[in-house]
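Hi,

Here is the structure I promised to hand over.

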Amino acid sequence: MRIGETWYRTIWVAEDGRSVDVIDQRALPHSFEIMRLATVEQAAYAISEMVVRGAPLIGATAAYGVCLALLEDPMHGSLDRALELLGATRPTAVNLRWALEVMDEAVRYLPVEERVAAAYARAARICDDDVEISKSIGEHGLSIFREISAAK
């Protein structure tokens, strides 16, 4: 999304390299507000209170929530608590479940000292893949609209 001359994603790693910023979708379209997520609890809040909306963004927020939990404590217990907390935010959300499974697979069997970096890398890949999928949908949709417009 472009605001003025600045392009934004709906979620990104903040300037501190640790926290995550999201566009607070509750404020749209009347206001543009950014919420900083610095803990797994804040990520869970953002999902459950609909700060973030849409299946892909919910999954991406959950993925970064796992990162925030591991940043605080990279041990198995912290990972398990994060997966449970985030999973409870929207129990029927398919992308949420999928993202949590992907993050669990990406870090569970790694040495503790490698988990945080691996988690951030995997969460970023989830977001980048979603951007590419959305771009492809938009490009395909544009060609359909052009065909319809040309036929009229």
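Before the core, a definition: a nonpolar core here is a set of buried Ala, Val, Leu, Ile, Met, Phe, Trp, Tyr and Cys residues joined through side-chain atoms within 4.5 Å. Buried means under 20% relative accessible area, exposed means over 50%, and partly exposed is in between (1.4 Å probe, protein chains only).

Two housekeeping points. This is a predicted model, where local features need pLDDT of at least 70 and side-chain atom pairs count only at pLDDT 80 or more, while totals for chains, interfaces and linings use all residues. Residues are numbered from 1 along each chain as its sequence is written, and side-chain values use heavy atoms, with hydrogens and water left out.

On to the core. The largest one has 38 residues, and those touching the most other members are Ile11, Tyr64, Val66, Leu86 and Met103. Two or more residues each come from β4 (20-23), α1 (40-48), α2 (55-72), α3 (76-87), α4 (94-107) and α5 (112-151). The top contributor is α2, with eleven residues. (Helices are DSSP runs of H or I, at least four residues, and strands are runs of E, at least two, numbered from the N terminus.)

Leu86 is worth a click: leaving aside neighbours within four places in sequence, its contacts (heavy atoms within 4.5 Å) include Val40, Ala43, Ala44, Ile47, Ala62, Gly65, Val66, Leu96 and Leu100.

Next, the aromatics. Rings of Phe, Tyr and Trp (its six-membered ring) pair if their centres lie within 6.5 Å; planes under 30 degrees apart count as stacked, over 60 as edge-to-face and the rest as tilted. There are three such pairs. Tyr8 and Phe32 have ring centres 4.8 Å apart and planes at 55°, so they are tilted. Tyr8 sits in the loop between β2 (6-7) and β3 (11-13), and Phe32 in the loop between β4 and β5 (34-37), so this pair ties together parts 24 residues apart in sequence. Both are partly exposed, Tyr8 at 24% and Phe32 at 27% relative accessibility.

Tyr64 and Tyr120 also make a tilted pair, with centres 6.2 Å apart and planes at 55°. Tyr64 is in helix α2 and Tyr120 in helix α5, so parts 56 residues apart in sequence are tied together. Tyr64 and Tyr120 are both buried.

Finally, ring pairs link Tyr8, Trp12 and Phe32 into a cluster.

Cheers
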